[in-house]
Amino acid sequence: MALHEGALRVKMLFCCRTLHKFASFSGARSLSKHVSSQSVSPKPPEVADDHLIYTQEHFALKEALRKLIDQEINPYVDQWEAEGTFPAHKVFKILGNAGFLGVNKPVEYGGLGLDFSYSVAVAEELGSIRCGGIPMAIGVQSDMATPALARFGSDELKKEFLRPSIMGDKVACLGVSEVGAGSDVSSIKTKAVRKGDEYVISGGKMWTTNGTQADWMCLLANTSDGPPHKNKSLICLPMNLPGVHVARKINKIGMWSSDTAEVFFDDVRVPCKNVIGQEGLGFTYQMLQFQEERLWAVANIVTTMDSIIQETISYTRQRKVFQQPVLYHQAVHFRLAELQTEVELLRSLLYRATAMYIKGNDVTKLASMAKLKGGRLARELSDSCLQYWGGMGFTSDVPVSRFYRDSRLMSIGAGADEVMLGIICKYMDTLPRK
Ligand SMILES: Cc1cc2nc3c(=O)[nH]c(=O)nc-3n(C[C@H](O)[C@H](O)[C@H](O)COP(=O)(O)OP(=O)(O)OC[C@H]3O[C@@H](n4cnc5c(N)ncnc54)[C@H](O)[C@@H]3O)c2cc1C
């Protein structure tokens with residue numbers, strides 16, 4: 001029954017591509033309105049035959065998602081950014097119905113049963129959402145809070161938490177970072193102490209994306225006093241249990257439409273059967289989960305980088321300084337060419353890492369390199385592009401300034417640049433020997 005449903009949704013998705021053409025923007029708007037909401041198509045026609053990792057099916061999936069984004073998400077982005085949150089249950093239900101929250105998840109739990117390259121394709125297309133906050137919230141649901149559950153969770157847990165998350169009926173969040181531990185995941189303090197067949201959880205989590213709206217958390221907690229890499233477990237924690245307190249929504253410089261919470265646990269009782277996989281392997285599972293999370297983040301940001309370059313080209317082509325378009329000054333078009341070259345290099349690394357990953361290789365080193373480069377490039381690109389918009393770039397309602405704010409997180413979240421460097425050095429065997 002579930003198999004049939006999943007297959008049907010894939011079929012429906014792939015039929016979508018013949019049923020629509022993307023609506024192109026037409027309408028006379030004032031400049032500020034024009035730059036804040038016009039969708040510039042940055043991409044040349046893509047040909048599946050020539051593509052390194054994508055087939056016709058990947059493009060069909062992307063096309064169907066693009067239509068959904070244009071109809072159901074982008075028209076509301078400015079409003080949700082202003083409100084500082086977005087209706088996660090509503091948006092996830094729309095995405096879940098269409099199959100986009102579990103493209104690489106097992107068909108028996110509502111997923112599409114495709115490989116991770118399809119998640120990368122989805123992440124790329126989500127980059128066409130006109131802010132960073134909503135794609136990040138979706139990514140937490142599909143590729144950050146659920147990969148370990150899909151891979152190692154029991155059938156019972158998958159039925160209770162994975163299936164409704166894939167279908168968009170439940171909102172998930174990931175509880176790893178704490179007030180005193182972010183980069184150093186091994187030093188988290190939240191405890192889950194076994195009492196009979198329950199864990200009693202105390203402590204708290206910080207920076208929890210989707211935290212004010214989530215129905216459950218993929219929680220990393222210490223389940224013993226053993227060595228820090230072997231004493232942790234991932235636990236499916238319903239957020240409506242007594243003792244779970246969402247303390248506050250955190251104000252941020254960017255990612256406005258994504259709610260970020262601080263959460264406390266005051267002797268929360270959860271059945272021991274809610275542990276994902278084997279007790280004590282949570283740290284390892286989380287590290288594995290990070291590979292997908294990091295590749296997902298890179299895939300997501302390359303699309304936005306393309307858009308920002310294209311929008312900067314459009315703006316600087318019509319804006320004149322010293323009797324000629326800003327774009328025609330060599331410093332400007334050369335710089336944009338350099339940045340586009342860097343984006344292409346990053347994309348190549350992403351596709352190479354993805355191709356290796358779907359063949360079963362450990363791509364921790366390449367994923368860390370891509371994440372590092374993604375963060376660094378986002379900072380360079382957003383700064384350079386914003387500069388060419390002049391005063392307009394300093395206003396809050398143009399895409400380039402939103403990207404400038406939102407993309408700064410790329411060098412901090414999901415492992416800061418320095419953490420990526422540490423991982424790369426470990427693989428290069430250049431860390432000081434003890
Ligand atoms: C908007 C937002 C959303 C987030 N969403 C989630 C979420 O859903 N779930 C979750 O668990 N976490 C989430 N995070 C947390 C995020 O992953 C952490 O912020 C990140 O891991 C860094 O941890 P920290 O903030 O504690 O910084 P710290 O660990 O205090 O590090 C501070 C700085 O120290 C430097 N540093 C770190 N390691 C080294 C080193 N080895 N050598 C030199 N310098 C170093 C880096 O520059 C780093 O930025 C989110 C954060 C933000 C801001």
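Modeller: A residue is called buried here if 20 or more other C-beta atoms, placed from the backbone, lie within 10 Å of its own. By that criterion, buried residues make up 46% of the 434 residues in the chain.

Colleague: What kind of model is this, and how are residues numbered?

Modeller: It is a predicted model, in which local features need pLDDT of at least 70 and side-chain atom pairs count only at pLDDT 80 or more, while totals for chains, interfaces and linings use all residues. Residues are numbered from 1 along each chain as its sequence is written.

Colleague: How many helices and strands does the chain have?

Modeller: There are 14 helices and nine strands, taken as DSSP runs (helices H or I, at least four residues; strands E, at least two) numbered from the N terminus.

Colleague: Is α10 mostly covered or exposed?

Modeller: Mostly covered, with 30 of its 37 residues buried.

Colleague: How do the axes of α7 and α10 cross?

Modeller: The axes of α7 (residues 133-144) and α10 (residues 282-318) come within 10 Å and cross at roughly 150°; axes are lines fitted to C-alpha atoms over the stretch in contact, with angles from 0 to 180 degrees between N-to-C directions. The two helices are therefore roughly antiparallel, a term for angles over 145 degrees.

Colleague: Which residues make the contact?

Modeller: From α7, P135, G139, D143 and M144; from α10, Q289, E292, E293, W296, A297 and N300. Contact requires C-beta atoms, placed from the backbone, within 7 Å.

Terms used
Angles under 35 degrees count as roughly parallel, over 145 as roughly antiparallel, 65 to 115 as roughly perpendicular and the rest as oblique. Two residues are in contact if their C-beta atoms, placed from the backbone, lie within 7 Å. A residue is buried if 20 or more other C-beta atoms lie within 10 Å of its own, exposed if 12 or fewer, and partly exposed in between; C-beta atoms are placed from the backbone.
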